[in-house]
Amino acid sequence: MTTTTATPAAPTASATDAVVRVEHVSRTYGSGTGAVHALRDVSFTVEPGELVALVGRSGSGKTTLLNVVGGLDRPDEGRVVVDGREVSTLDERGLVDLRRDVVSFVFQTFGLVPVLSAAENVGVPLRLRKLPTKDREDRVRLLLDLVGLGPHALQRPGELSGGQQQRVAIARSLANSPRLLVADEPTGQLDTETGTAVMALIRAVVEAEGMTAIVSTHDPLMVSLADRVLHIADGQLIEG
């Protein structure tokens with residue numbers, strides 16, 4: 001196998017490299033008898049184009065693991081590499097670049113700006129990158145069509161259903177063509193029918209955009225749509 005040598009610039013994973021590499025990661029909150037061991041020696045990889053479902057009970061460590069992978073939290077031990085960048089050692093500027101260019105998040109709470117239209121919400125990341133107006137508008141239109149909300153582009157979040165708001169949030173997460181989508185219980189606030197549609201949408205956009213995704217979920221449909229399932233309990237990955 002041919003190996004490559006790292007350059008001073010932040011490296012990017014090749015098509016054959018794992019997009020996510022988690023190696024012996026542990027995370028503890030607090031100390032002494034009150035310590036909570038959220039993650040215990042967790043290791044796994046995620047390959048390009050994979051949709052991985054992360055399954056476990058509330059409090060099992062799912063959210064902590066996703067936060068560590070996405071650079072929202074740091075492990076106490078071990079290392080996390082995303083798209084060739086060692087997330088666990090990045091400084092604040094490096095983390096900003098990671099979350100702008102490489103990783104996007106979808107949460108239970110949609111996090112949309114109430115005074116902006118659906119199109120304007122989707123366009124926020126592109127404005128931050130100072131994308132030319134025409135290119136930004138074309139990208140926003142494509143993404144809203146992709147999530148089935150083209151006709152709702154001018155509506156504000158308060159005028160949309162919960163499922164439609166989550167679709168806008170997904171479209172926004174795709175704006176900068178991330179390598180990795182991290183979704184934490186994205187259907188947690190949705191009814192079963194709407195949640196099913198959103199789960200199917202995530203599967204579709206992963207394929208359409210050529211992304212990799214890690215989705216924490218309790219939803220059996222998401223599990224069935226995933227390429228692989230990781231089970232976590234008490235901060236440890238366990239066999240299915």
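Is Glu 185 buried or exposed? Glu 185 counts as buried, with a relative accessibility of 10%, where buried means under 20% relative accessible area, exposed over 50% and partly exposed in between, for a 1.4 Å probe and protein chains only.

## Basis of the model

This is a predicted model, in which local features need pLDDT of at least 70 and side-chain atom pairs count only at pLDDT 80 or more, whereas totals for chains, interfaces and linings use all residues. Residues are numbered from 1 along each chain as its sequence is written, and side-chain values use heavy atoms, with hydrogens and water left out.

## Two loop residues with positive phi

Glu 185 lies in the loop between strand 7 and helix 6, and its phi is near 45°, a positive value in a residue other than glycine. Helices (H or I, at least four residues) and strands (E, at least two) are DSSP runs, numbered from the N terminus.

Lys 130, in the loop between helix 3 and helix 4, also is not a glycine and has a positive phi of about 60°. Lys 130 counts as exposed, at 72% relative accessibility.

Helix 3 covers residues 118-128, and its buried residues are Ala 118, Ala 119, Asn 121, Val 122, Gly 123, Pro 125 and Leu 126. These buried residues pack against helix 4 (133-146) and helix 5 (162-173), contact being defined as heavy atoms within 4.5 Å.

Helix 6 has 18 residues, and at 1.5 Å a residue it should span 26 Å, which agrees with the 25 Å between its end C-alpha atoms; the expected span is 1.5 Å times one less than the number of residues. Among its buried residues are Val 198, Leu 201, Ile 202, Arg 203 and Val 205, and the buried residues of helix 6 pack against strand 3 (51-55), helix 4, helix 5, strand 7, strand 8 and helix 7 (220-225).

## Nonpolar cores

A nonpolar core is a set of buried Ala, Val, Leu, Ile, Met, Phe, Trp, Tyr and Cys residues joined through side-chain atoms within 4.5 Å. The largest one has 34 residues, and those with the most contacts inside it are Val 122, Leu 144, Val 168, Ile 170, Ile 202 and Val 215. Two or more residues each come from helix 3, helix 4, helix 5, strand 7 (180-184), helix 6 (192-209) and strand 8 (212-216), with helix 6 giving the largest share, 6 residues.

Ile 170, leaving aside its neighbours within four places in sequence, is in contact with Val 106, Val 147, Val 198, Leu 201, Ile 202 and Val 205. A second, separate core has 28 residues, including Val 25, Val 68, Val 82 and Val 87.

## The second largest pocket

The second largest pocket has a volume of about 450 Å³. Of its 19 lining residues, Arg 99, Ser 104, Phe 105, Pro 125 and Arg 172 are the closest to its centre. Helix 2 (92-101), strand 6 (103-106), helix 3 and helix 5 each supply at least two residues of the lining, and strand 6 gives the most, with 4 residues.

On a 1 Å grid over the protein atoms alone, a pocket is an open set of points where a 1.4 Å probe fits, with protein on both sides within 12 Å along at least five of seven lines, and lining residues have an atom within 4 Å of a point; the volume is the space filled by probe spheres set on the points, which are joined across faces, edges and corners. The lining divides into 11 nonpolar, 5 polar and 3 charged residues, where Ala, Val, Leu, Ile, Met, Phe, Trp, Tyr, Cys and Pro count as nonpolar, Asp, Glu, Lys and Arg as charged, and the others, Gly among them, as polar.
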